[in-house]
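Here's a quick briefing to read alongside the sequence and the model. Have both open, and we'll go from the overall layout down to single residues.

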Amino acid sequence: MSETKDDRGRAVRKVEPFLEEPEAKPFWASLSEHKLTAQRCRACGKLFSYPPQGSCPLCLSPEYDWVQLSGKGKVYSFVTYCRAWHPSYEDKVPYNVSLVDLDEGPRLISNVIDCAPDQVKIGMPVEVVYEDNEGYTLPKFRPMK
Ligand SMILES: [Zn+2]
């Protein structure tokens, strides 16, 4: 667990993903190898939505496989944050939080990077990029060229 300081100099825990969720461990492991994956149900063949879970959200089967996705998708919606709601984000504003509809179907909450905040558009084609942090990798997206 790492820390940062708030505007009064107090130590504040950095916002980091929870990596110990059993169903999500393969997801995080694949991201560390720069592969975006999702769960595919063995019973009905559908891809699970995120976050990773223990059974199919459609037919409740607990049998699934992890499959690699293309990493391509389109922005379904987004918001731009101009105010840091946590000290961890003070050096990041303005930034967007985007809902990305992946070409294979699942929707992932992430950020579109490598473009100005006002350049993010609904329907914009994007592709995954991997942000390596200490101990984990996050999937982010950039505009397709
Ligand atoms: Zn299913």
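Predicted model: local features only at pLDDT ≥ 70, side-chain atom pairs only at ≥ 80, totals over all residues.

**Overall layout**

In total the protein has one helix and nine strands. Its C-alpha trace spans about 55 × 35 × 25 Å along the principal axes.

- Of the 145 residues in the protein, 17% are buried.
- Take the contacts with a separation of 6 or more: 48% of them are between residues 24 or more positions apart.

- The protein splits into domain 1 (18–68) and domain 2 (70–145), and their C-alpha centres sit 20 Å apart.
- On the contact side, 11 residues of domain 1 meet 11 residues of domain 2.
- Helix α1 (residues 25–32) supplies three residues to domain 1's side, the largest share.
- By class, that side of domain 1 has eight nonpolar and three polar residues, with no charged ones.

**The five-stranded sheet**

- Five strands make an open, antiparallel sheet, ordered β7-β6-β5-β8-β9.
- β7 and β9 (136–143) are the edge strands, each pairing on one side only.
- From one strand to the next, the twist averages 35 degrees.
- Strand β5 (residues 72–81) pairs with β6 over eight bridges, antiparallel; in this pair, valine 75 stands opposite valine 100 of β6.
- Strand β6 (residues 95–102) also pairs with β7, again antiparallel, over four bridges; here leucine 99 faces isoleucine 109 of β7.
- The β6–β7 hairpin has four residues between its strands, and glycine 105 there takes a positive phi near 125 degrees.
- In a regular strand, side chains alternate between the two faces of the sheet.

**Leucine 19**

- Leucine 19 is in the loop between β2 (11–13) and α1.
- Is leucine 19 buried or exposed? It counts as exposed, because it has 12 C-beta neighbours inside 10 Å and the cut-off for exposed is 12 or fewer.
- Beyond its neighbours within four places in sequence, leucine 19 is in contact with Trp28 and Tyr136.
- Leucine 19 and alanine 29 are 10 residues apart in sequence, with 9.6 Å from C-alpha to C-alpha.

- Tyrosine 50 and proline 51 are joined by a cis peptide bond, omega about 0 degrees; proline 51 lies in the loop between β3 (37–41) and β4 (64–68).
- Another cis peptide bond runs from valine 93 to proline 94, with omega near -10 degrees. Proline 94 belongs to the loop between β5 and β6.
- Leucine 60 isn't a glycine, yet it has a positive phi of about 70 degrees. You'll find leucine 60 in the loop between β3 and β4, and it counts as exposed because it has 11 C-beta neighbours inside 10 Å.
- Aspartate 114, also not a glycine, has a positive phi of about 65 degrees. Look for aspartate 114 in the loop between β7 and β8 (125–133); with 12 C-beta neighbours inside 10 Å, aspartate 114 counts as exposed.

Methods:
Residues numbered from 1 in each chain as written. Domains from an automatic or database assignment. Contact = placed C-beta atoms within 7 Å. Helix = DSSP H or I, 4+ residues; strand = E, 2+ residues; numbered from the N terminus. Nonpolar A, V, L, I, M, F, W, Y, C, P; charged D, E, K, R; others polar. Pairing = 2+ DSSP bridges. Buried ≥ 20, exposed ≤ 12 C-beta atoms within 10 Å, placed from the backbone. Axes fitted to C-alpha atoms, helices over the stretch in contact; angles between N-to-C directions.
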